[in-house]
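Work through the exercises below with the model in view. Try each task before you read its solution.

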Amino acid sequence: NEIETQNRLLTLESSSKLNQLKPHFIFNALMPLQNYILKSDKENALNYLKEFSALTRTMLTISRSSYVSIHEEIAFLNNYLSVQQTEKSNAFDYTIENQLPFDLSRANIMPTLLLQPLAENAIDHGMTRDMKQKGFIRICFAPFDEQHFKATILDNGPGFSTEKKEQQAKNHALSIIEERISLMRKRTDLTQLHYSQTSAGFQITLILPINPHP
């Protein structure tokens with residue numbers, strides 16, 4: 001029927017947006033390796049290549065599906081942030097918290113590669129060199145209402161100035177994320193993406209459906 005056809009088209013379009021993120025992920029992940037090679041730092045180059053290979057294999061595995069479980073998402077984010085932490089010489093710490101019930105954490109409800117670009121943005125744009133304190137990133141999955149859960153990414157950076165907002169608009173990965181959210185919103189109005197400045201730092205909040213396949 002018409003609704004099923006529309007859902008199919010939305011799924012295909014969303015998959016297309018997801019595929020656009022893969023080369024972006026690989027290109028950005030290769031940048032530290034290039035720096036090690038330019039510095040003739042063979043040992044760190046080989047170590048990073050090993051970590052990069054494992055991370056890329058995981059990314060390609062989970063990206064075969066449009067949705068993964070919270071459990072799988074946390075494992076991937078832990079892997080990604082650990083690699084970034086090493087590459088940034090431990091310039092930041094991070095925590096990942098899961099407040100969702102066990103059965104919900106095992107269900108395939110998390111859109112693939114939706115949080116990683118946001119975490120990447122927190123590292124690249126949230127952590128400034130003139131920060132007086134060590135960088136910190138907190139990712140949390142928590143209940144929202146009976147039909148939705150929320151995922152938040154908080155960093156203790158300065159947030160977005162006017163200049164940063166202009167840079168944000170040019171950020172290819174985040175533009176794709178916003179387009180994916182827009183597509184998801186056509187299925188459920190409560191799917192949302194919010195940016196906010198809190199007393200603890202800059203926070204991105206995602207409201208996502210527990211049942212993503214209506």
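Strands pair if DSSP finds at least two bridges between them. This is a predicted model, in which local features need pLDDT of at least 70, side-chain atom pairs count only at pLDDT 80 or more, and totals for chains, interfaces and linings use all residues. Residues are numbered from 1 along each chain as its sequence is written, and side-chain values use heavy atoms, with hydrogens and water left out.

**Exercise 1. The sheet**

Task: Find which residue stands opposite Leu154 in strand 7, then give the order of the strands in the open sheet.

Solution: 
- Begin at Leu154. Its opposite in strand 7 is Gln203.
- Move to strand 4. Strand 4 and strand 5 are antiparallel, with seven bridges.
- A hairpin of four linking residues connects strand 4 to strand 5. Ile137 faces Asp155 of strand 5.
- Now take strand 6. Seven bridges tie it to strand 7 (residues 201-209), again antiparallel. Here Gln192 is opposite Ile207.
- The open sheet has five strands, ordered 2-4-5-7-6, and its pairing is mixed.
- Check the edges. Strand 2 (92-98) and strand 6 (192-198) each have a single partner strand, so one side of each has no neighbour in the sheet.
- From one strand to the next it averages 15°.

**Exercise 2. Elements of the chain**

Task: How many helices and how many strands does the chain have?

Solution: 
- Apply the rule. Helices (H or I, at least four residues) and strands (E, at least two) are DSSP runs, numbered from the N terminus.
- Count them. The chain has seven helices and seven strands.
- Read the order from the N terminus: α-α-β-α-β-α-β-α-β-β-α-α-β-β.

**Exercise 3. Helix 3**

Solution: 
- Place the helix. Helix 3 lies across strand 2, strand 4 (135-143) and strand 5 (148-155), at about 175° to strand 2. Axes are lines fitted to C-alpha atoms, for helices over the stretch in contact, and angles run from 0 to 180 degrees between N-to-C directions.
- Look just past the end. Ser89 has a positive phi of about 55°.

**Exercise 4. Buried or exposed?**

Task: Decide whether Gln85, Gln116 and Leu104 are buried or exposed.

Solution: 
- Set the cut-offs. Buried means under 20% relative accessible area, exposed over 50%, partly exposed in between (1.4 Å probe, protein chains only).
- Gln85 sits in helix 3. Its relative accessibility is 16%, so it counts as buried. Beyond four places in sequence, it touches Asn90, Phe92, Asp93 and Tyr94. Contact means heavy atoms within 4.5 Å.
- Gln116 belongs to helix 5 (residues 116-126). At 2% relative accessibility it is buried. Leaving aside neighbours within four places, its contacts are Phe25, Phe76, Leu77 and Tyr80.
- Leu104 is part of helix 4 (residues 102-105). At 15% it is buried too. Leu104 and Ile70 are 34 residues apart in sequence, but 7.9 Å apart in space, C-alpha to C-alpha.
- Widen the view. Seven of the eight residues of strand 5 are buried, so the rest of the structure largely encloses this strand. Across the chain, 45% of the 214 residues are buried.

**Exercise 5. The cores**

Task: Which residues have the most contacts inside the largest nonpolar core?

Solution: 
- Define the set. A nonpolar core is a set of buried Ala, Val, Leu, Ile, Met, Phe, Trp, Tyr and Cys residues joined through side-chain atoms within 4.5 Å.
- Name the residues. The largest core has 39 residues, and Met110, Leu115, Phe141 and Leu206 have the most contacts inside it.
- Find the main contributor. Helix 3 (residues 70-87) gives the largest share, six residues.
- Look for another core. A second, separate one has seven residues, including Ala29, Tyr36, Ala45 and Val83.
- Follow Met110. Beyond four places in sequence, its contacts include Ile70, Leu115, Phe141 and Phe149.
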